[in-house]
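I opened the notebook to go through this model from the whole chain down to single residues. The entries follow the order in which I looked things up.

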Amino acid sequence: MSNVEKHRLLERSDNKGWKKWGPYLSERQWGTVREDYSQNGDAWNYISHDLSRSKAYRWGEDGIGGISDNKQHICLAFAFWNHKDPILKERLFGLTNNEANHGEDVKELYYYLDSTPTHSYMKMLYKYPQTAFPYDILKSENRKRGRKEDEFELVDTGVFDKNEYFDIFIEYAKAEKDDICVKITAHNRSSKSAPLTLLPTLWFRNTWSWGYKEFEKKPILTGISNSQVEVYHQYFNRMKLYCKDADEFLFTENNSNNKRIYGTPNETPYVKDSIHEYIIKDKKEAVNPNKIGTKVSARYKRTVKAGESTTICLRFTTKTTLHNPFEDFDEIFEARKRDTEDFYGILQEDVRDEELKTIQRQAFAGMLWTKQFYYYNINQWLKGDPKMPFDFKGRDYERNAGWQHAYMANILSMPDKWEYPWFAAWDLAFHTVTLAKVDPDFAKRQLAVVLREYYMHPNGQIPAYEWNFSDVNPPVHAWATLKVYEHDKLMNGGKGDIVFLERVFHKLLLNFTWWVNQKDNDGNNIFGGGFLGLDNIGVFDRNAQIPGVKLQQADATGWMAIYTLNMLRIAMEIAMERPAYQDMASKFFEHFLHIAAAINTPMDKSGLGLWDEDDQFYYDKIFSNNNQTLFLKIRSLVGLIPLCAVEVIDDAMLDKLPDFKRRLDWILANRPDLASLISRWYEPGKGETHLLSLLRGHRMKMVFKRLFDETEFLSDYGIRSLSKYHLDHPYHFNLHGERLTVAYTPGESDLSIMGGNSNWRGPIWFPLNYLIIDSLHKYSEYYGEHYEVEYPTDSGEIVTLKDAAFQISERLIGIFKRKDGERPFTGGTKLFDGDENFSGVYLFNEYFHGDNGKGLGANHQTGWTGLVADLIEEVSQRKKGK
């Protein structure tokens with residue numbers, strides 16, 4: 001089987017060449033921090049969905065199913081009108097954090113179906129109702145609902161009940177790097193004819209309105225007849241958009257409608273929302289009759305018969321003299337589809353189950369479609385631009401003021417391009433593990449870029465996310481670096497990219513030092529850090545500074561133990577080629593032992609330890625000013641993170657690192673207090689291996705017992721974020737006279753902590769499940785077949801750790817697999833599982849109900865839920881005996 005796509009990937013490792021054009025538009029630029037120039041920092045209300053059609057964005061662009069170049073100067077996306085909606089459907093609709101009962105939420109149905117890593121072929125599906133889109137109903141009904149009620153979704157409005165909708169498929173096929181064929185096919189699923197106007201739209205990101213000299217030269221679009229648009233931009237060779245059988249071209253400017261937004265005169269009558277005015281309000285004077293501008297739509301007004309479809313064809317290319325641009329159109333599409341099938345045919349050769357192939361392929365598609373050009377120059381943003389459409393007087397709240405060095409302008413993997421259209425540090429790290437399966441170079445670049453000097457703070461902190469770059473995410477970058485490195489090494493016949501590893505290692509040293517200096521306040525190797533990505537998992541907001549209370553965190557300390565082991569492993573890998581790194585391996589080996597000593601110290605000795613002998617579990621702990629100590633006895637992922645601090649070192653590697661081995665032996669011989677923490681070091685495991693872990697012996701067995709208990713953490717669909725024990729035994733805590741409670745809440749959050757748009761008090765989250773499974777495999781690597789556990793707890797079934805790990809993987813995969821005609825992630829919605837036009841598409845939600853597997857939170861967070869693709873590969877390989 002040929003692999004043309006892989007050869008394209010090998011041509012270059014950056015986001016140029018075949019990857020220069022891709023799905024880099026956001027799905028929501030409005031309501032972001034970047035676009036917020038309000039005085040009070042109210043990003044959600046500064047540009048609303050309603051204003052977004054009229055306001056020229058400053059830092060990026062959004063659209064439906066769109067593409068752009070890798071710096072987003074030129075954009076192409078699609079608008080639609082069903083001849084009943086009050087607005088043009090140019091972007092996806094959703095509710096803001098304050099409008100919805102569980103935080104911001106997109107209220108549309110769309111699916112990513114396919115993509116190659118170079119985006120040589122892409123396909124997505126948008127489902128567009130033929131009745132008026134229920135904007136007001138969605139707003140009013142969600143506004144009525146409280147946090148204990150379900151969200152009111154688009155499907156609940158009944159707009160799909162009679163099949164009165166269009167399935168609009170958007171496909172791209174590249175003939176060459178700068179030659180892109182585009183096909184939009186709209187299927188009428190109803191029993192009667194229905195009108196549809198399709199408007200493929202080409203425009204420039206507005207760089208000319210802000211007063212910068214380098215962008216004084218304004219780009220230009222010009223129309224030729226109703227078939228061609230010429231594109232002139234100072235950074236590009238001349239291009240053309242060929243439009244087959246378009247009715248007409250509608251030209252305007254991508255400038256703000258100042259009259260509508262600010263009540264001030266417009267410089268030109270042709271503004272960003274002019275095409276909306278032309279189509280919806282029939283204002284002929286709204287568009288430029290001279291066929292010139294910076295934004296243009298090709299209008300296709302069609303009536304689609306019942307059960308039939310209509311197709312429009314476009315070609316966007318540097319080939320500006322094509323006499324018949326659509327002559328080879330079908331052949332190009334067929335060729336790219338073959339390339340795509342060949343690429344995934346090889347990648348999925350171990351996956352025999354056709355349903356699993358579809359799930360995995362759409363997971364990869366979601367990962368690849370969710371790339372975005374992320375642009376944010378914080379110094380410029382804080383100061384304002386030389387030229388602005390209003391009198392900018394600065395901000396009362398200068399968000400991210402301590403990050404003025406940051407200048408971000410890269411293609412990044414987003415968590416969800418509507419609900420989270422900004423990178424998040426620990427999300428991104430998990431993304432790379434799956435992305436490495438399809439594009440190792442892109443995965444490596446993602447890990448490296450956020451460590452660059454124009455992202456990472458000079459003090460070594462990695463930026464968390466744009467709402468507050470100074471928040472603290474779990475330090476999983478080193479773990480992800482190792483996972484990506486190992487996969488890349490496997491794909492390259494055993495040769496690892498030491499240059500990449502060394503480059504990242506140096507920057508991680510800065511970040512590790514930041515953690516030690518900033519989050520180990522007492523210098524005793526017990527760490528804090530705040531919410532650490534687990535928004536509402538604590539009994540109070542762990543980010544809050546509570547007078548008279550000091551919080552010591554089991555998860556933060558566990559994360560730092562994981563970090564030390566990851567850095568130890570990376571140093572050892574580099575030292576195999578550069579022996580000087582053995583000193584760094586020694587440093588991290590010893591640092592791990594100090595953290596292990598601190599977290600496991602019995603309370604009666606120093607008060608440091610976070611292990612509770614009564615409950616046999618790790619807990620957060622607080623100290624008060626009067627020296628009182630209290631365990632926060634909440635059985636959650638917080639107490640499972642230390643389980644994941646595990647590394648296996650084999651004798652073959654140790655023998656090649658003599659300096660490190662000598663230092664290791666010295667520590668074990670001369671520091672019996674530390675040596676006791678790894679008493680099994682001299683008892684080689686399977687294959688002459690040695691174990692480094694926070695947990696061993698009796699404590700490890702007790703944590704496994706809880707982990708595998710279906711009345712606690714083990715759900716039919718994976719590992720819960722909070723033990724089900726707290727369903728009947730809520731945890732109560734009195735804070736300054738206020739009674740706070742943590743109870744098992746398997747669905748959406750019923751609290752407003754951290755915005756209330758996610759829940760860590762019961763649901764299942766893929767990234768932490770994957771980390772736990774990965775750790776179980778490491779324990780199994782050491783203990784082999786001789787270490788057995790009862791799985792599930794109290795079931796009488798005895799299995800190896802490897803068996804347990806794979807059975808958890810299969811429970812997670814089961815969220816998407818059909819059983820008795822239903823797929824758990826759909827939550828029992830009959831339309832999604834019973835209708836042939838829904839039953840073959842998948843949503844990869846942010847998290848899943850702890851008892852029934854229903855998808856919750858963000859609808860398209862393929863970012864880390866895409867890890868299901870890795871689990872499918874691992875389970876399939878095991879079934880083949882690999």
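**Whole chain.** I counted secondary structure and got 27 helices and 34 strands in the protein chain. Helices (H or I, at least four residues) and strands (E, at least two) are DSSP runs, numbered from the N terminus. The radius of gyration is 28 Å, close to the 29 Å from the globule rule for 882 residues, so the chain is as compact as a globular protein of that length. That radius is taken over C-alpha atoms, and the rule is 2.2 Å times the number of residues to the power 0.38.

I noted that this is a predicted model, in which local features need pLDDT of at least 70 and side-chain atom pairs count only at pLDDT 80 or more, while totals for chains, interfaces and linings use all residues. Residues are numbered from 1 along each chain as its sequence is written, and side-chain values use heavy atoms, with hydrogens and water left out.

Along the principal axes, the C-alpha atoms fill a box of roughly 85 × 65 × 60 Å. I then looked up burial: 65% of the 882 residues count as buried. Buried means under 20% relative accessible area, exposed over 50%, and partly exposed in between (1.4 Å probe, protein chains only). For contacts (heavy atoms within 4.5 Å), I took those with a separation of 6 or more; residues 24 or more positions apart account for 72% of them.

**Helix H4.** Which residues of H4 (residues 135–144) are buried? I found Tyr135, Leu138 and Asn142. The buried residues pack against helix H3 (49–52) and strand S4 (94–95). On the other side of H4, I listed Asp136, Arg143 and Lys144 as exposed.

**Helix H10.** I looked up two residues here. His431 lies in H10 (residues 425–438) and is buried, with a relative accessible area of 0%. Leaving aside neighbours within four places in sequence, His431 is in contact with Met367, Ser413, Met414, Pro415, Gly863 and Trp864. I also checked His431 against Leu632: they are 201 residues apart in sequence and 32 Å apart in space, C-alpha to C-alpha.

Lys437 is also in H10, and Lys437 is buried at 16%. With neighbours within four places in sequence left aside, its contacts are Leu347, Phe364, His487, Asp870 and Glu873.

**Helix H14.** Arg569 is in H14 (residues 554–575). Not counting residues up to four places away in sequence, Arg569 touches Leu482, Glu647, Val648, Ile649 and Met653.

**Backbone.** Most residues other than glycine have a negative phi, and most peptide bonds are trans. I therefore looked for departures from this.

What joins Tyr791 and Pro792? I found a cis peptide bond, with omega about -10°. Pro792 is in the loop between strand S31 (788–790) and strand S32 (798–800).

Gln72 has a positive phi, near 55°. Gln72 sits in the loop between strand S2 (64–69) and strand S3 (74–81), and counts as buried at 1% relative accessibility.

Asn525 also has a positive phi, near 70°. I placed Asn525 in the loop between helix H13 (498–519) and strand S20 (549–552); at 16% relative accessibility, Asn525 counts as buried.
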